[in-house]
Amino acid sequence: MEFIIGKFNYWIYIVLMMIGFYAMIAKSNLVKKLVGMNIFQTAIILFFISIGSKKGATIPIIQEGATGDAVNQAVNVARYINPLPHVLMLTAIVVMVSTFGVAMALIIMIFRKYKTLEEDEILEIMRSEENK
Amino acid sequence: MTAQAPILIIIIPLIASFLNVIIGLWRKRLCYPLVIITLSLSVILSISILNTVITQGVIHYRLGGWEPPWGIEYVIDHLNAFILIIVSFISFTIAIYSKRNVEQEFPEKTVYFYTIYLLLVTGLLGITITGDVFNLYVFLEITSLAVYALIAIGRDKKAPLASFNYLIMGTIGACFYLLGVGYLYIVTGSLNMADLGRLLPDLYHSKVVLAAFAFFTVGVAIKMALFPLHVWLPDAYTYAPSTVSAFAASTMTKVGVYVMIRIMFTVFEPRFSIVMLPSTEILGWVASGAMIFGCILAIAQTDVKRMLSYILIAEVGYIVIGVSVANRAGFTGALLYILFDAFTMACLFMAAGAVMHKTGETSIHGFRHLHRRMPLTMAAFSIAALSAIGVPPFAGFFSKWYLVLGAIDAGKWIFAVLLLLSSLLVAVAFFRIIQNVYFPPYEILIAGSEIALPSARNDKITLMDEAPMSMLLPIVIMAAGILLLGFFSGRIISTIIQFTVPGGF
Amino acid sequence: MEAISSIKPLLAVIVSLIAAFLILLTGERARNLRESWTILASVVKFAIVFSMVSPILEGKVIEYTVISILPGLSLQFRVDALGILFALTASFLWIITSFYSIGYMRSLNEHAQTRYFACFAIALSATMGVAFSANLFTTFIFYEIITLSTYPLVAHKETSEAVKGARRYLAYLLGTSIAFLLLAIFLTYNAAGTLDFSNQGILAGKGSNALLTVIFILFMAGIAKAAMMPLHSWLPAAMVAPTPVSALLHAVAVVKVGVFTVIRVVLYIFGIDLLSRLGLGTALAYFASFTIIVASIIALRQDNLKLRLAYSTISQLSYIILGVALLTPSSMVGGIIHITNHAFSKITLFFCAGSIYCAAHKTKISELSGLGKKMPWTMTAFFIASLSMIGVPPAGGFISKWYLAVGSMEAKEIPILVVLLVSSVLNAAYFLPITYKAFFEKQDDAHLHDGYGHHDEIKEIPMVAIPLVITAITSILMGIYPDYFLTLAKEVIR
């Protein structure tokens, strides 16, 4: 029981990742594949952020209004959640969005050339063109 | 300047790519000179870095002056420097080659092509030079996105779908890599490769570390097209424009192998990768599969670029076998093979591209008698093919020598036999083309009856119509490199490669 | 053995490489200049080789290391008696073949002559390389260069038959060398730690008997250039090449490189003691005998002249292997001296075949009736060379067969002696009828229509006929004054 509840963040991310993975592999519509990829990457990002959190800790931003010595004092690390995964995931989100953008551009190109977004139909068209 | 070389080598192409957009929108014709100047600077910088590493030892460069492991650090040892110089030299040569290809296939996208090309070079150099695992992920994705865009930039109708499939698979690979980074971060709190190498040995028994290793390996395997995760490669490299195929084939897979070596032997110690986990064993068998499978499928192809893609899959197999036997000879062979294979693949794909430029097709049939029309290109193609087969005196023989020696030293006779056997298969694949170029058969079967084709002396294509100089020069440089570098293998090994072999080998 | 360091071996190899480059540069535009490069290179090469003979006769060795390619493995030359014997034969015959080639190519107005002469030069360069190599590594490199440079020569005519033949040629030679020879070299390197040739062999005591036997079998299978059965099919297939190619390369250079490498492996890698202990010498001798007899029988059934000569070559090469395999001093001398004797005689025979093709456009033996009257020089030379092949004194071939016979008695192998006698009879059976046909049969009128519509006079072409007369005379001289080469051969086994 402890295994499931205690590590619930792992379970959630694994389930989400597998849903995304399944969509990427099994669906034949290109946009659906893309959505699956998105889910896949989002699951990973969620996972990373989840590992930075701590019980009873607050967000890693120093209190407003603190001036002078309060700012320069050593931060009590135990009271803040780990900011590093957040920072890393900002980068990863940027990567995810750019990948999404490139993929959409590719899909638009494909649509212009084949007038369909179903992979099996596209392969059919390709095969018939080759045989001509 | 030389002290700042590690960061300059990344910044110069990066800024140049932004400059390129601005300059290109102003005057399109300035893009090409800008690219050439930038890449020649990066070649000079990489030579200077190599020199520094050889004379002074490992370079540690701290970005922003932040101490590792809190700051990002660039660590350059012999392995990095070696790969750096290969990548920058090949990118420079292929940039020279690209001019005519771009003009012919997609002139309206010249500015964007060169911008993304420079970004691709930045990404590759960044992967090679960084000492931080997450930084590597960032550069890996820069590289991947650039390649996805470049593959689809041409006119070929099948390119976008090939690029899309590559995108899907490549993203899975990169995400697995990211997961690996994440798992390691959970248990160590560090992202610096050297630091991880220090912290991990205490944790080798942990399942998290095991999972991390597994994710890393699979992720990188997807990126370097190791059988059976190679499915994206043939389509992607066949339908991409010639320049892109040539560059991607000669550098991306090699950088992928570099990442694998770093993970297996720097982040994780050799004893973990080899003794505690049988990962090298598994990799060895997988790589043998790659060799045989790649060669056999290559023989079945009728399109030259597709055949070369399958040969590339086999070549990745060779390099991974060299790493997997985990001894000095095998590792030396793998690194030497990286160098020679980069030259060989660049030359082969560039030659195929030159043929495409002149004749408009790359089928084997289209190569008939091509030595009359394009003698130098075909001579370079033959030299590169013979090197890929592994016949002396060409460079490929010397690297294969070490690979087989490594396999025998490790007692893996089956690998040695498979290596030699696949050389024969590669020979069959290439000699079909070479025979068609120089001595095409005179009678072909059309609908069951033999028809005699005109004899050699009456063939109409007797005019020499060689590829343009900007394409020909890089091809010839690569071929000359293949001819000459082989004899310097000893010097290369003694000055650079022998220091890259992980301790304990 | 005292070693002198000299750059001459490298020069001998490089001379024709430079010539090949110059030939490619000159091209068709200046044919005479192009041909002069070949002739100049062959003469210079012979001069360099000849100048190295005297120190060798005194018992010294010439060494030169070119470059260390891989740690522990260098491109190294070491000229000893065996190497100089082979090199002398090959380089001298190249001079003669060059003149012959020029005559042959021009009279038939062949295409792609630049490629032909350039590849020829490279092939000879690599032959010198094998002759002078100091270790198996260097040998392998030059061995493969020979295969690659002779491929365009075999496919020269560019007909589908020629291309198929060339493909088979390449498949056999490249396939066996990569699959078997390279593996054998690796195993040797692994067992002995070195690949340098040494007079006592390098493999003694370096592995189990089973391993050493496997290595030996791999070597013999891998050196397909020696045309031992069953890996001999490439040689008849290579007969689609122009006759000068068949003459020099497939009677002298390529095939002799094969047997030369076999001798190197037998004497300098394994060593006489090791082989006799393992019993492999006798096994090889019987294998060679099999080839000798069977190849002769197949030769009997060939009507195409060049094919008959090809199978004769397969048979004669195994004489050399037999001589070395018997492991006795006399048999080895016989085998080694046969390198030279066979070279001169066989090249004469091929030259004659080419001369017949040039002058009369005939390739089949059945068409040769009465040709002796029209082409007296050619057919007489053919007769003399046949005598040498059969082993009739005073022709040179007699000397080698004599030593082989003495050797087989020394080795107490009477069956081998029988094989020698039977094969000599077979040689007579397939050579003498040709001469008989040429001189004593009436010219068959039905054969006069040779497809070119010529009823012309069949005239011998001087530039083609003179070389073959020279080589035929040399065959006789080798029988009358054998000492020069005999001393070299005896020097080898000292």
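Biologist: What share of the 132 residues of chain A counts as buried?

Modeller: In this predicted model, 21% of the 132 residues of chain A count as buried. The cut-off for that label is 20 or more other C-beta atoms within 10 Å of the residue's own.

Biologist: Which elements make up chain A, and in what pattern?

Modeller: Chain A contains 6 helices and 0 strands, and its pattern along the sequence is α-α-α-α-α-α. Among its contacts between residues at least 6 apart in sequence, 53% join residues at least 24 apart.

Biologist: Why is α2(B) called roughly antiparallel to α3(B)?

Modeller: Helix α2 (residues 31-56) of chain B packs against helix α3 (residues 78-105) of chain B at an angle of about 160°, the axes being 9 Å apart. Angles over 145 degrees count as roughly antiparallel; α2(B) is therefore roughly antiparallel to α3(B).

Biologist: What is the handedness of the crossing of α2(B) and α3(B), and which residues meet there?

Modeller: The crossing of α2(B) and α3(B) is left-handed. From α2(B) come residues including Tyr32(B), Val35(B), Ile36(B), Leu39(B) and Val53(B). On the α3(B) side, His78(B), Leu84(B), Phe89(B), Phe92(B) and Lys99(B) are among them. By class, this contact of α2(B) with α3(B) has 16 nonpolar, 6 polar and 1 charged residues.

Biologist: What makes α1(C) roughly antiparallel to α2(C)?

Modeller: The axes of helix α1 (residues 8-26) of chain C and helix α2 (residues 31-51) of chain C cross at roughly 180° and come within 9 Å. Since the cut-off for the term is an angle over 145 degrees, α1(C) is roughly antiparallel to α2(C).

Biologist: Which residues make the contact between α1(C) and α2(C)?

Modeller: Helix α1(C) contributes residues including Lys8(C), Leu11(C), Val15(C), Leu22(C) and Ile23(C). Among those of α2(C) are Leu33(C), Arg34(C), Trp37(C), Val44(C) and Lys45(C). The contact of α1(C) with α2(C) divides into 12 nonpolar, 4 polar and 3 charged residues.

Biologist: How many residues does each of chain C and chain B give to the contact?

Modeller: Chain C gives 28 residues and chain B gives 28 residues. On the side of chain C that touches chain B, β2 (61-70), α6 (136-154) and α7 (160-192) each supply at least two residues.

Biologist: How do the residues of the side of chain C that touches chain B divide by class?

Modeller: That side of chain C has 19 nonpolar, 6 polar and 3 charged residues.

Note on methods
Residues are numbered from 1 along each chain as its sequence is written. Chains are lettered from A and ligands numbered from 1 in the order in which they are written. This is a predicted model: local features need pLDDT of at least 70, side-chain atom pairs count only at pLDDT 80 or more; totals for chains, interfaces and linings use all residues. Axes are lines fitted to C-alpha atoms, for helices over the stretch in contact, and angles run from 0 to 180 degrees between N-to-C directions. Helices (H or I, at least four residues) and strands (E, at least two) are DSSP runs, numbered from the N terminus. Angles under 35 degrees count as roughly parallel, over 145 as roughly antiparallel, 65 to 115 as roughly perpendicular and the rest as oblique. Two residues are in contact if their C-beta atoms, placed from the backbone, lie within 7 Å. Ala, Val, Leu, Ile, Met, Phe, Trp, Tyr, Cys and Pro count as nonpolar, Asp, Glu, Lys and Arg as charged, and the others, Gly among them, as polar. A residue is buried if 20 or more other C-beta atoms lie within 10 Å of its own, exposed if 12 or fewer, and partly exposed in between; C-beta atoms are placed from the backbone. A crossing is left-handed if the near helix is turned anticlockwise from the far one by less than a right angle, and right-handed if clockwise.
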